[in-house]
Amino acid sequence: MTAAIYTARANLNPLLIDAPADTERQTTPGGQLMITTDVENYPGFAKGIEGPDLMMEFRKQAERFGTEFLEEWINEVELQERPFTLHTDNKIVKAETLIIASGASAKWLGIPGEAKTPNGFGGNGVSACATCDGPLPAFRNKRLVVVGGGDTAMEEATFLTRYASRVYVVHRRDKLRASKIMQDKAFRNEKIEFLWNTQPLEIVGTHEQGVTGIRLKSAESGEERTFECEGVFIAIGHKPNTDLFKGQIEMDSVGYIRTNGHSTATNIPGVFACGDVQDSVYRQAVTAAGTGCMSAIDAERFLDHLPVEMPSGEEVTMDGEHITPDHQLIITATGEVFPNDPHPE
Ligand SMILES: Cc1cc2nc3c(=O)[nH]c(=O)nc-3n(C[C@H](O)[C@H](O)[C@H](O)COP(=O)(O)OP(=O)(O)OC[C@H]3O[C@@H](n4cnc5c(N)ncnc54)[C@H](O)[C@@H]3O)c2cc1C
């Protein structure tokens with residue numbers, strides 16, 4: 001949405017394609033913030049704002065400057081040549097530049113009680129983001145459960161001890177997958193307790209009270225019990241929404257799109273990526289908006305025939321010129337090589 005606001009204000013007539021509401025694909029137009037309630041950390045809203053209201057403001061701002069919206073699922077992309085081709089359920093779209101902002105999805109356990117309220121307690125005691133939801137009043141001075149055994153789980157558990165009365169890490173094995181440094185930090189924290197060899201079966205509660213407990217099963221004895229708690233954080237990782245781009249664009253081992261770091265350029269000139277789809281670390285609305293702004297400015301530069309820095313360090317223009325990473329040489333689209341000397345004799 002931020003990339004649309006910037007490119008629309010730059011008179012580039014952006015088309016924003018977002019998936020329609022679909023329970024099977026688990027999509028809601030507007031993205032992840034459409035499925036949350038209070039957003040307390042987005043700057044500019046001192047009293048907080050509901051996720052869907054925030055996205056509505058973003059949309060109105062993008063519309064104001066002329067963004068065109070298309071609510072369709074993209075099935076296939078062809079990024080080998082420009083203009084790039086996108087195939088949706090009903091249309092074929094051609095684009096000189098593409099900004100990928102397809103986000104990432106938290107992995108869920110698939111147990112009863114986990115779904116979004118009113119079908120479960122998602123948003124009413126169940127969360128997949130401690131940074132987002134941990135500071136909310138509903139979780140303060142409460143007994144909280146974190147499910148998982150990797151770095152994400154250790155990070156979430158450690159973070160939650162700032163607010164919770166006690167944090168219980170439920171892990172299905174007798175040892176963690178997390179890196180040693182993250183494990184040590186969690187083991188040293190007196191507010192964290194580990195429930196080993198334990199499998200979550202169901203999150204229980206009432207719609208008035210929210211979560212009241214989690215049903216657990218011992219992997220050793222098979223014994224089942226209800227463990228009392230007031231919040232459950234699922235921390236078993238995220239999946240970037242990049243299946244569509246596999247084999248066409250550079251990604252890391254998990255599937256996050258690789259960008260330059262200094263810019264949002266991918267390895268394909270003219271294709272940029274912003275937000276959670278290229279960010280396995282921060283995954284926040286404000287960082288998604290920040291990189292959205294960067295990608296718009298990068299796309300503007302590219303369309304203005306200016307050089308854009310690629311992940312390899314070289315700079316590339318829309319016309320196929322390359323500037324070497326050391327900035328010493330310019331290689332034209334036809335292969336001629338010139339020194340990149342600002343003061344030729
Ligand atoms: C429950 C919850 C609460 C959160 N709370 C906070 C919070 O309080 N504060 C905060 O800063 N962050 C919060 N976050 C994180 C925040 O929502 C994300 O960091 C942010 O939404 C990322 O934005 P994005 O545009 O990169 O991706 P997304 O919001 O994931 O949007 C990606 C969009 O692309 C669409 N898409 C994907 N594939 C296709 C396709 N093939 N065709 C068409 N469309 C496609 C998706 O349907 C989606 O609409 C929360 C996340 C969740 C899940």
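These questions and answers concern how terms are applied to a predicted model.

Author: Residues are numbered from 1 along each chain as its sequence is written. The model is predicted, and local features need pLDDT of at least 70, side-chain atom pairs count only at pLDDT 80 or more, and totals for chains, interfaces and linings use all residues.

Reader: Why is Phe69 called partly exposed?

Author: A residue is buried with 20 or more other C-beta atoms within 10 Å of its own, exposed with 12 or fewer, and partly exposed in between; C-beta atoms are placed from the backbone. Phe69 has 14 within 10 Å, so Phe69 is partly exposed. Phe69 is found in strand E4 (residues 68–71); strands (E, at least two residues) and helices (H or I, at least four) are DSSP runs, numbered from the N terminus.

Reader: How do you know that strand E12 pairs with E13?

Author: Two strands pair if DSSP finds at least two bridges between them. Four bridges join E12 (residues 166–170) to E13, therefore the two pair. In one of the bridges, Val169 has Phe194 of E13 as its partner.

Reader: What makes E10 and E13 edge strands?

Author: Strand E10 (126–127) and strand E13 (192–195) each pair on one side only. The open sheet has the order E10-E17-E11-E12-E13, with parallel pairing.

Reader: How do you know that the span of helix H6 is close to the expected one?

Author: The expected span is 1.5 Å times one less than the number of residues. Helix H6 (residues 285–303) has 19 residues, and from its first C-alpha to its last it reaches 27 Å, close to the 27 Å expected. After H6 comes His305, with a positive phi near 65°.
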